[in-house]
Amino acid sequence: MTSTVLHIDTSARRQGSTTRELTDQIVKQISPARIIRRDLATPLPLITEEWVNANFTPADARSAEQQDLLSLSDQLVAEIKDADTIVIGLPMYNFGAPASFKVWVDLIARAGLTFQYTAEGPQGLLNGKRVIVAVATGGVPLGSPVDHLSGYIRQIMSFIGLSDVEFVAAEGMSTDPETALQAAKDAVAKLAA
């Protein structure tokens, strides 16, 4: 049973968004005891040189200003750590994920917190969590040569230790929206709680 869900929406559209509709249905389907909401339509700040320098400064040597620069990132990491399941709504924009999602990734992919460097290469630290990604595309099928979204999601999730990634896709929203949305809703209804 899922006790805590981190519910992330990335669509710039707050109204009429297919991925928002699907993530709402997914969260309802798995019925968690607690929901942490993160809406990336409210922009997160881009990382800066000062942020990078603060991130690479050992935690016990950071100034108050550096700690302040990293405070939002620390909060985002805490949200992931607190969740058993992460539900992400990702519309495909220009063959990939929305820029707002990439900003979120830049803020949560932190050595020592979500991954570590080892002699064998990077190792994710956020194991044992489920990730469900609701995708909507205009016409690009997931897994096609021009799908630069699903492979990236699997890679970045695996990089931080999350290998249990499931996709629910409304593919072809520009050509047959009713069929595409119904197929995605049917897939959501089959998700195990």
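Guide: Two strands pair if DSSP finds at least two bridges between them, and helices (H or I, at least four residues) and strands (E, at least two) are DSSP runs, numbered from the N terminus. This is a predicted model, in which local features need pLDDT of at least 70 and side-chain atom pairs count only at pLDDT 80 or more, while totals for chains, interfaces and linings use all residues. Residues are numbered from 1 along each chain as its sequence is written, and side-chain values use heavy atoms, with hydrogens and water left out.

Visitor: OK, which residue in E3 does Asp9 stand opposite?

Guide: Asp9 stands opposite Gly89, and strand E1 (residues 4-9) pairs with E3 in the parallel sense over 5 bridges. E3 also pairs in the parallel sense with strand E6 (residues 130-136), over 7 bridges, and there Val87 stands opposite Ile132.

Visitor: Is E3 buried or exposed?

Guide: Taking buried as under 20% relative accessible area, exposed as over 50% and partly exposed as in between (1.4 Å probe, protein chains only), 7 of the 7 residues of strand E3 (residues 85-91) are buried, so E3 is largely enclosed by the rest of the structure. Thr85, Val87, Gly89 and Pro91 point one way from the strand, whereas Ile86, Ile88 and Leu90 point the other way.

Visitor: Switching to charges, how many salt bridges are there?

Guide: The count comes to 9 salt bridges, each being a side-chain nitrogen of Lys or Arg within 4 Å of a carboxyl oxygen of Asp or Glu. In one of them the side chains of Arg110 and Asp74 meet at 2.6 Å, N to O. Arg110 lies in the loop between helix H4 (99-108) and E4, and Asp74 in helix H3 (residues 64-82), so this pair ties together parts that are 36 residues apart in sequence.

Visitor: What about aromatics, how many pairs does a search find?

Guide: A search of the whole structure finds 4 aromatic pairs, where rings of Phe, Tyr and Trp (its six-membered ring) pair if their centres lie within 6.5 Å, and planes under 30 degrees apart count as stacked, over 60 as edge-to-face and the rest as tilted. Among them is the tilted pair of Phe115 and Phe159, 4.4 Å centre to centre with 45° between the planes. Phe115 is buried at 4% relative accessibility, while Phe159 is partly exposed at 23%.
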